[in-house]
Amino acid sequence: MKSKTSRVFAATSIAALSIAGLAACGGETAANCTNDILKDDATQVSVWAWYPAFEQVVDHFNETHDDVQVCWTNAGQGNDQYTKFSTAIEAGSGAPDVIMLEAEVLSSFSIRDALTDLSEYGVADIAGNYTEGAWSDVSSGDAVYAVPVDGGPMGMLYRQDILDEYDIAPPKTWDEFQAAAEKLQSEDAPGVLANFPTNGRAFNQALFAQAGSTPWEYDSANPQEIGIEVNDQASKDVLNYWQGLVEDDLVSTDDAFTADYNTKLVDGTYAIYLAAAWGPGYLQGLSDTDPEAEWRAAPLPQWDEANPVQVNWGGSTFAVTEQADDKEAAATVAKEIFGTEEAWKIGIEEAALFPLWTPMLESDYFRDLEYEFFGGQKINDEVFLDSAQGYEGFTFSPFQNYAYDQLTEQLFAMTDGEKDADAALDDLQTSLEKYAAEQGFTQK
């Protein structure tokens, strides 16, 4: 089954990139570092990553390590890098020793025998430096395929000035959220309470998970088997809730991360931005932000305020590839490059990353940080630390990008009035079951 699945994934990934076009991206590129190598006699470990301000982190690692040096290349962000990695997997060469991967795609690459199980390289020694949820996201059964770096525990960013104008308290529950949206509409406010993007992908999945949805059952020890339940009652309850808001024009349905969406984030069209912990950095980085806007942060609304459920949107890791020449040295880089307070202060202050490394996550420094953009609010202490600590992890599928694409299609059809929420999720279930069978999976 593995070989069949690998061929399918490779075909979809290589379509936009030839092997020849990859020649400057891996394998032989250890000498073509973006950064300076400080100890020429040390083992060099090639790394692909797109973190902002990462060169400073690399320099810090190289300054503090005599036996290992990082040779860093930015091979593209997200799917651009994944396409190049897929091409290198098919070619059998050209991959870096260490690669930045979002947690949601780890299974998609481990099933192709592209990632090294780090449990053989002392990773258990650092497991206690991460939250339960963060470690769960990089593990499958007894295997550990990456080291967590940053995460996206969810909260709610809101315009205090807009809510105050309409005498609306920040909603603590989804019932209050709907009531707030209705009040804005009844007061003829120029905008809406929030946006529901059909292309939200992991955002949409996190909303379902908060209500108890566990859509995937998968263990890399048994890669031929998968359990799929995307049309469970929890997901249907959540999607029916949002369909009601959409049909009553209480929220918009703009595609996320477009120029239009970014403008609406900062011009007051959306009074609330449901966001991950990286959202504050994203928001601050947008142009034309209204200097008079009063932004604040609060916990994500809950279905049951007495029993809060924390969810996560996004997050990245460092994995060691099977093409690494020296896996021991590569594992050292994966474990240690973001394993100091100095490295993490760069990540936090220069790149707006949210740390999953608990010595920083639980530090007084991080807890007490005041964010000027949020009126001096300690948003970590008041919102995101509880969210991160309460997150228990999530199981992703070995074809997660395909599943997200199918989810996007179904949500678009729902918001376009072609089908209701129940039918959208039932059709999603059918399409994913069919795809899994075509790839040779046995369904539980």
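Modeller: Two strands pair if DSSP finds at least two bridges between them. Strands (E, at least two residues) and helices (H or I, at least four) are DSSP runs, numbered from the N terminus. The model is predicted, so local features need pLDDT of at least 70 and side-chain atom pairs pLDDT 80 or more, while totals for chains, interfaces and linings use all residues. Residues count from 1 along each chain as its sequence is written, and side-chain values use heavy atoms, without hydrogens or water.

Three strands build it, in the order 7-8-12, with mixed pairing. Strand 7 (216-217) and strand 12 (442-443) are its edges. Each has a single partner strand, so one side of each lacks a neighbour in the sheet. Strand 8 (residues 225-228) pairs with strand 12 in the parallel sense, over two bridges. Within that pairing, Ile226 faces Gln443 of strand 12.

Now the helix on this sheet. Helix 18 lies across strand 7, strand 8 and strand 12. Its direction is at about 175° to strand 8 (axes are lines fitted to C-alpha atoms, for helices over the stretch in contact; angles run from 0 to 180 degrees between N-to-C directions).

Helix 18 (residues 421-438) has a helical partner too: helix 17 (residues 400-415). The two pack at about 155°, with axes 9 Å apart. They are therefore roughly antiparallel (over 145 degrees; under 35 is roughly parallel, 65 to 115 roughly perpendicular, the rest oblique). Helix 17 contributes Tyr402, Ala403, Gln406, Leu407, Gln410 and Met414 to the contact (heavy atoms within 4.5 Å). Helix 18 answers with Ala421, Ala424, Asp427, Leu428, Ser431, Leu432 and Tyr435. Nine of the contact residues are nonpolar, three polar and one charged (Asp, Glu, Lys and Arg are charged; Ala, Val, Leu, Ile, Met, Phe, Trp, Tyr, Cys and Pro nonpolar; the others, Gly among them, polar).

Helix 7 (residues 174-186) and helix 9 (residues 233-247) pack at about 5°, their axes 11 Å apart. Helix 7 is therefore roughly parallel to helix 9. Trp174, Phe177 and Gln178 of helix 7 meet Tyr241, Trp242 and Leu245 of helix 9. By class, that contact of helix 7 with helix 9 holds five nonpolar residues, one polar and no charged.

Thr173 sits in the loop between helix 6 (160-165) and helix 7. Its relative accessibility is 11%, so Thr173 counts as buried (under 20%; exposed is over 50%, partly exposed in between; 1.4 Å probe, protein chains only). Beyond neighbours within four places in sequence, Thr173 touches Pro301, Gln302 and Glu305.

Burial also marks strand 2 (residues 68-73). Six of its six residues are buried, so strand 2 is largely enclosed by the rest of the structure. Val68, Val70 and Trp72 point one way from strand 2, with Gln69, Cys71 and Thr73 pointing the other. Strand 1 (residues 43-48) runs parallel to strand 2, joined by six bridges. Gln44 is opposite Gln69 of strand 2.

Ala352 follows helix 13, with a positive phi near 60°.
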